[in-house]
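Please read the following note beside the sequence and the structure.

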Amino acid sequence: MKPKFAMYWAASCGGCEIAVLNTHEKILDVDANFDVVFWPVAMDAKYHDVEAMEDGSILLTLFNGGIRNDENEHIAKLLRQKSKILVAFGSCACEGCIPGLANLSPVGDIVHTAFNTLTTDNPNEIYPRTSYDVPEGELHIPTLSRMVRPLEQVVDVDYFMPGCPPESHQIAAVIDLVIKVVKGEAELPPKGSVIGAGDSTVCDECPRARNVKFIKEFKRIQDVAPVDPALCLLEQGIPCNGPATRSGCNARCPQAGAQCIGCYGPAEGVMDYGARLITAFSSVIDANTPEEIDHILDGIPDPTGQVYRFNLAGSLLKANKEAWKVER
Amino acid sequence: MTERVGVYVCHCGSNIAGTVDVVDVANWAAEKLGRQGVIIAREYKFMCSSLGQELIEKDIKELGLTRVVVAACSPHLHEKTFRTAAKNAGLNPYLVELASIREQVSWVHSDKAVATAKAKAVVSGAVSRVIENRPLEEIKVPINPNTLVVGGGIAGIQSALEIANAGFHVYLVEREPSIGGHMAQFDKTFPTLDCSACILTPRMVEAGTHPNITLLTWSEVTNVAGYVGNFHVTIKKKARFINEELCTGCGICQEKCPKKVIDDVYEAGLGYRKAVYTPFAQAVPNFPVMDKENCTYFIKGTCKACEKFCPTGAIDFNQQDEMLHIDVGNIVLATGYDLFDARRVSNYGYGRLPNVFTSLEFERLSNAAGPTAGNIVLRDGKTVPKNVGIIHCVGSRDKNFNNYCSVICCMQGLKFAHLVHERTGATVYNFYIDMRTAYKAYDEFYQRVLEEGTLFVRGKVAEVTDAARNEREKGRLIIQVEDTLAGKQRRIPVDMVILSSGLQPRADAKEVGKLFGISCSMDGWFTEKHPKLDPVATMTEGIYIVGCAQGPKDIPSSVAQGAAASARVLDKILQKEVALEPIKASVDSALCSGCRICNGLCPFNAITFIEDDKVTEINPALCQGCGTCVAACPAGAISGTGFSNEQIIAQIDGLMMKNLEPVEA
């Protein structure tokens, strides 16, 4: 009997699933070596089928998406119970990713913005309810949690696979590894490891030339003309997150001429990604007066978005003060 | 291995025990921090006493403690004391942590319950941290016996001479053409009325000719690298346009120079000098300086009168600024003060009303070598004043300008009163807020000036004006003041007003502080290591501050500080080597990606980028453990010994009262 495989999609965009399919014929290896028991995006399945499975009967679960509502939380706990190896797959599951930026606002504000703004004509102030009585009985929709949480903040996680989405060649390598482990040809890395990524930073893989940095001005990349194709982007005043970001993507964005935005998450030695970047950026600005400092920092109009774009929910602070305060 | 931790809670008399229940803190630590390894917790009246230290030493030996936490004052004060005690008992000194429950708890709280709870948290943090501490060894480096003294005023001269006389080499750097500083501008010094030049110039000459002193005037320090014992200093020797090898100081060039320039520096704008000049007759060194901005040759390309007449051919119009690189072990900063700009108190009329003088102008006016040969006259250069008002505290003790007392202005005002009285017989009024004549023989001088008939009005002058209200006031300066002793407003017409201006930090004090790695107080004076017990040292080892650079002071205090700093320097030199704290940063080359963000940050030039491996390295001999690069490293590849992530996170967890036994809600 083949070992069982599951994949789930919680609070995320679906890009991770596409990245898996983007491994092309490698996906056939998955089918050849695993019995796919639960993968809502690819095949029909019911939660109660999973609930009926024996604990620990799924060998490998790739869980993508953060925990945004009670449904996500329920399935996370369920899959933890049923799986031997639970992988936080992709940036959302690892560190909250873009949905995690919602932690800048209390849930009430988010709902209000979605249902009562200029683009949403809602004169009667009708908001969604989590339960509703119909003649056939009571209907439920999932309740939003106070904050978006990475998988690790909800259940025990065995491995972390970063990236938004993880690079296909890295996914393929991980699939190969697990197949080898199943065949007894290789050993799993220590629990808690980051897999499918490097252990230094994007700079390590970036071919651009680097010098001592003195930054007089931060600019958006579209405002820098022309961008020097061979020189470190940060040195050109473009806030590039590469120095704090984990390697593994082959410096895809800087190689293509754009700054790294940090989707591979914190590098091995980094505890709080945003804090690291803030101190790094502020260390290299070349200013002598408080006014100059202010002027240079004005070049980063959205500091949270810049340094915590993928990492807010997984950071030390997790959310801003307002979101912490409001009970759901 | 589980660590065996001892916790010692100090009462510090009532300093801590008055606000924190120290017995409760000790009992609590013994009970609740047991799981973390605390096997003994004691409290004692004065932990820093020899009995307190013995308590720790005894426990280390008898109970086999492997870690020690002392909950007492700031580590700044007694970390060394307790580390030494641990060392004496055979425990690595870096396995001792201080929990500051005085500066951070008892002194900042009044509610005993709250303070006690916070003290527990601070102790808990220190216990969690100390477990993560690792034994470290001190690093010894040799000390360069040469010393740099910056600033050639009386404080700097004194400091340089003391060190040079002890047989060690000194580089004395002065940015003006001559050493001597402000003291060289004074006629008399209070309270003894010694002739300033008579007592100063022998010291200047001694400094100028001393075999152990390299005098670098018309020079400025532009860069400082390194650390105590091994500073590398770059000095810009500005072009004098005079070949010092050939110049004999005969003065013919000055005599022949056709260009007269108002001397704003030495003569306070009251007199003239030439475009090529020595600031005053007794200048040391005696080589003149060419003022490029005003020299006719440099402006128009012709003249060269000085070159024509120089008997030794010492004029060199092609001379360039020269960069000198020197290595020194210690640095004394004697950069002095700026005079408060009296123009800022616009209601006193300086710069608008001609017969309002600043203190420095009056010094030149009363100086026998000054522009009026010591005759005290009005701005017209001939009229002798009949009534003179001297205003104290100009720019000092004033919320609009400087809050501090400039220390010397009362005595300076009294000295002026005496000189005016002696030279002109005029009626003198002194306007003061409080008369401050502390120190030896100062108040006696005040009594003397009182007996001479000087009139004293206690009150802050509101205004000096020439707007007369009656015949008696016409054509004169009227001082409007509230006489607080008489309890009434007065208008006193005088012919001359002297503003006893306060002292200010040098305009570039902040930049200079940055250059040498020391800080300034809110007012801008350089900050000493301890205001009472270490007034000439700074937080940067090997850098000392003396004279008015540290705060306003009179000549005797400046001289005393100059000598005191020299004693500290000689102490360092004679130890031959210095033990450096083993708090160092290091790079984990596996994590370093060579992003080079840290490369430009090190104040001690300890960071090098290895181009071949594309990684950064830190030279442990140069690293001072400041932590700048540790904070900056975006990859978290740099860590600082003594301040590892593990230590800091453990301390935070401890502060948050995690890991308690039993777990508290």
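The points below take up conventions, a helix pair, the chain contact and the domains.

1. The model is predicted: local features need pLDDT of at least 70, side-chain atom pairs count only at pLDDT 80 or more, and totals for chains, interfaces and linings use all residues. Residues are numbered from 1 along each chain as its sequence is written, while chains are lettered from A and ligands numbered from 1 in the order in which they are written.

2. In chain B, helix α4 (residues 112-132) packs against helix α16 (residues 645-655) at an angle of about 150 degrees, with the axes 7 Å apart. Helices are DSSP runs (H or I, at least four residues), numbered from the N terminus. Axes are lines fitted to C-alpha atoms over the stretch in contact, and angles run from 0 to 180 degrees between N-to-C directions. α4(B) and α16(B) are therefore roughly antiparallel, a term for angles over 145 degrees.

3. Residues of α4(B), including B:Ala121 and B:Val122, meet residues of α16(B), including B:Glu646 and B:Gln647. By class, this contact has six nonpolar, six polar and four charged residues. Ala, Val, Leu, Ile, Met, Phe, Trp, Tyr, Cys and Pro count as nonpolar, Asp, Glu, Lys and Arg as charged, and the others, Gly among them, as polar.

4. Between the chains, 17 residues of chain B are in contact with 22 residues of chain A (C-beta atoms, placed from the backbone, within 7 Å). The chain B side has nine nonpolar, six polar and two charged residues.

5. Chain A is divided into domain 1 (4-96 + 150-182), domain 2 (107-144) and domain 3 (202-307); the bounds come from an automatic or database domain assignment. The centres of domain 1 and domain 3 of chain A, taken over C-alpha atoms, are 32 Å apart. Their contact takes eight residues from domain 1 and six residues from domain 3.

Methods. Helix = DSSP H or I, 4+ residues; strand = E, 2+ residues; numbered from the N terminus. Parallel < 35°, antiparallel > 145°, perpendicular 65-115°, else oblique. Contact = placed C-beta atoms within 7 Å.
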